[in-house]
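Let's take a walk through a protein together and look at how its charged side chains pair up. Have the sequence and the 3D view ready.

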Amino acid sequence: MIPRTLFSSDHELFRDSVRKFLEQEAVPFHEQWEERGYVDRELWSKAGAAGMLCSHLPEEYGGMGADFLYSAIVIEEISRRGLSGIGFSLHSDIVAPYILHYGSEALKRKYLPKLASGEMISAIAMTEPGAGSDLQGVKTTAVQDGDEYVINGSKTFITNGYLADLVIVVAKTDPKAGAKGISLFLVEAGTPGFDKGKRLKKVGMKAQDTSELFFQNVRVPRENLLGQAGQGFVYLMQELPQERLTVAVAGLAAAEAALHWTLDYTRERQAFGRAIADFQTTRHKLAELATQVQVGRVFVDRCLELHLQGKLDVATAAMLKYWSTDLQCQVIDECVQLHGGYGYMWEYPIARAWADARVQRIYAGTNEIMKEIISRSL
Ligand SMILES: Cc1cc2nc3c(=O)[nH]c(=O)nc-3n(C[C@H](O)[C@H](O)[C@H](O)COP(=O)(O)OP(=O)(O)OC[C@H]3O[C@@H](n4cnc5c(N)ncnc54)[C@H](O)[C@@H]3O)c2cc1C
């Protein structure tokens, strides 16, 4: 295999500590969390204490001033273990950057240290029952009334939605202005009129508390507007490449894990008097999968490197997101096949990985939308 060259010894030390943390604090409980539909809140505060949340934030806001590879390590180690209920990356690598990049100094000081410590869990609410890919079609409104905005609308499919203490809400401040009428607001759980709906029953990611959220005459101070009114769509477009990179990083790590489980399984499982790995068709299939995963690894790592240099452009991030998640689904599906009937049993990690993978082609912008973005750049 081509060696990975991105990580320093400090990164590898951090990776060791993340591994130990997950093996101790998450692996033994994840099945229980799947049955219940959400992870323990204490996991978040423990992860915060271990430096696993928002490590990229400057120290003055509670972070470690770390580079994006620390985030990538957390994503990879969670994904490799199939711990799909844990929404750390959305919190650290998607929500926190909006506050850091567009929030006022007061908002940064108020919220970022609590996100880094895990005292507050965060979510971002873009999607609505009637608008997902077509973000400009959101119906949620935020109307200014004196020193406050009044928010009305509903959101669905919101990751970390049930546990969230703080939500970035995408709303229209000027419904007639299309993309230029979209703004982003911070809304705290417990604000009157903000209700959480049911946790949604999903095909996979069963320990992830994906939820509906409802806003009825929710009043937030004007200071809770992130950046400027009407600039929300621009902010979303600026931040989405990192979101897409996180999805690809998780996808490739999941595909690598699936391949390793399948190598082990096919060496052990016997049929017709020999290991199924001894059949030439199996060996060739494993060779194909290993090659695909290797190609994916090089692509993901090169994009990580570009991102560290601030050079990962929107179209390349879209290519990476669509291609890596398609690859993830193909590889894992073949791995299920090589497990036979056991590959369809929930107690086998490969079955869970198969169910968890499917949504990767849907969220963070569907893979069809990724191809739209790419084609516009050609
Ligand atoms: C588990 C899960 C977690 C999620 N987490 C979050 C979250 O935290 N926050 C959040 O805001 N959202 C979240 N989402 C929502 C997710 O981002 C949307 O589901 C996704 O963007 C697609 O939107 P949609 O479901 O409305 O599908 P639609 O937009 O209705 O799309 C349906 C189909 O039409 C295709 N399509 C649509 N437009 C075009 C086009 N122009 N060209 C070609 N094909 C097109 C799509 O690709 C898709 O195949 C989550 C979803 C899931 C399932």
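With which residue does E77 form a salt bridge, and how far apart are the closest N and O atoms? The partner is R19, and those atoms are 3.5 Å apart. A salt bridge here is a side-chain nitrogen of Lys or Arg within 4 Å of a carboxyl oxygen of Asp or Glu. E77 lies in helix α4 and R19 in helix α1, so the pair ties together parts that are 58 residues apart in sequence.

Before we go on, a word about what you are seeing. This is a predicted model, where local features need pLDDT of at least 70 and side-chain atom pairs count only at pLDDT 80 or more, while totals for chains, interfaces and linings use all residues. Residues are numbered from 1 along each chain as its sequence is written, and side-chain values use heavy atoms, leaving out hydrogens and water.

Stay with E77 for a moment, as its side chain also meets that of R15 in a salt bridge, at 2.6 Å from N to O. R15 sits in helix α1 (residues 9–25) and E77 in helix α4 (residues 68–80), so this pair links parts 62 residues apart in sequence. Helices (H or I, at least four residues) and strands (E, at least two) are DSSP runs, numbered from the N terminus. Both R15 and E77 are buried, whereas R19 is partly exposed at 31%. Buried means under 20% relative accessible area, exposed over 50%, and partly exposed in between (1.4 Å probe, protein chains only).

Now find D165 and R41, whose side chains form a salt bridge at 3.2 Å, N to O. In the whole structure, the search finds 31 salt bridges.
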